[in-house]
Amino acid sequence: MADHHQQHHQQTQQPIMKSLDDSSPSTRQIVRFLTAATIGLSLLVLSGLTLTGTVIGLIVATPLMVLFSPVLVPAVITMGLLTVGFLFSGGCGVAAASALTWIYRYVTGKHPMGADKVDYARMRITEKAKEFGHFAHPQTHQTTTT
């Protein structure tokens with residue numbers, strides 16, 4: 001009877017121990033948490049150091065900026081205009097190269113994107129030109145006969 005009672009006690013204890021093991025975090029989860037916490041804290045410290053360095057740099061540079069502002073402001077404006085000019089020029093060059101590539105593909109019959117719209121527009125212009133030509137032709141004929 002004591003053996004039976006001891007077996008029953010062990011059987012009831014096993015599910016309790018098993019459920020405790022399931023709810024406790026595994027070693028892998030603990031390592032992941034510690035790694036994430038370490039990386040997060042390191043980045044937080046680096047962020048604080050960067051902010052501190054930026055504020056110190058601003059404190060040191062402010063008097064120099066005030067002293068040299070009559071020179072720096074026009075220089076910054078000039079550099080800004082030069083940068084915008086170069087970017088615009090480069091953009092126009094890229095647009096021209098793209099347009100020439102599209103025209104080359106259209107002329108060689110490779111049917112680039114939008115070629116069907118160009119063909120439709122060409123057809124409509126031709127129809128309108130023929131229609132206009134029919135109106136213009138009789139008028140010129142009437143003026144020459146009178």
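Modeller: Along the sequence, the chain reads α-α-α. That comes to 3 helices and 0 strands.

The model is predicted, so local features need pLDDT of at least 70 and side-chain atom pairs pLDDT 80 or more, while totals for chains, interfaces and linings use all residues. Numbering runs from 1 along each chain as its sequence is written, and side-chain values rest on heavy atoms, with hydrogens and water left out.

Burial next. Buried residues account for 1% of the 146 residues in the chain. Here buried means under 20% relative accessible area, exposed means over 50%, and partly exposed lies in between, with a 1.4 Å probe and protein chains only.

Now helix 2, which covers residues 27–107 and holds 81 residues. Its end C-alpha atoms are only 67 Å apart, whereas a straight helix would reach 120 Å. That expected span is 1.5 Å times one less than the number of residues. The helix has a kink of about 80° at S69, shortly before the proline P70. The bend is the angle between two fitted axes, one for the seven residues ending at the residue and one for the seven starting there.

The UniProt entry, which is unreviewed, annotates residues 33–59 and 71–104 as "transmembrane region". UniProt positions follow the numbering used here, feature names are shortened, and annotations may be inferred rather than shown by experiment. Residues 33–59 are 100% helix and 0% strand, with end C-alpha atoms 39 Å apart. Residues 71–104 are also 100% helix and 0% strand, and there the end C-alpha atoms lie 49 Å apart.

On to the contacts, starting with the rings. The count is 1 aromatic pair. W102 and Y106 have ring centres 5.2 Å apart and planes at 5°, so they are stacked. Rings of Phe, Tyr and Trp (its six-membered ring) pair if their centres lie within 6.5 Å; planes under 30 degrees apart are stacked, over 60 edge-to-face, and the rest tilted. Both residues sit in helix 2, 4 residues apart, about one turn of the helix. W102 is partly exposed at 27% relative accessible area. Y106 is partly exposed too, at 23%.

Y106 has another partner. Its side chain makes a polar contact of 2.3 Å with that of D119. A polar contact is a pair of N or O atoms within 3.5 Å; within protein, one must be able to donate a hydrogen and the other to accept it, and residues adjacent in sequence count only if both atoms are side-chain atoms. D119 belongs to helix 3. Just after helix 2, G109 takes a positive phi of about 85°.

D119 also takes part in a salt bridge, with R122, at 2.9 Å between the closest N and O atoms. A salt bridge needs a side-chain nitrogen of Lys or Arg within 4 Å of a carboxyl oxygen of Asp or Glu. By that rule there are 2 salt bridges. R122 and D119 are 3 residues apart in helix 3 (residues 115–145), about one helical turn. D119 is partly exposed, at 30%.

The other bridge joins E127 to R124, with the closest N and O atoms 3.7 Å apart. This pair is also 3 residues apart in helix 3, again about one helical turn. E127 is partly exposed at 39%, and R124 is partly exposed at 37%.

Conventions. Helix = DSSP H or I, 4+ residues; strand = E, 2+ residues; numbered from the N terminus.
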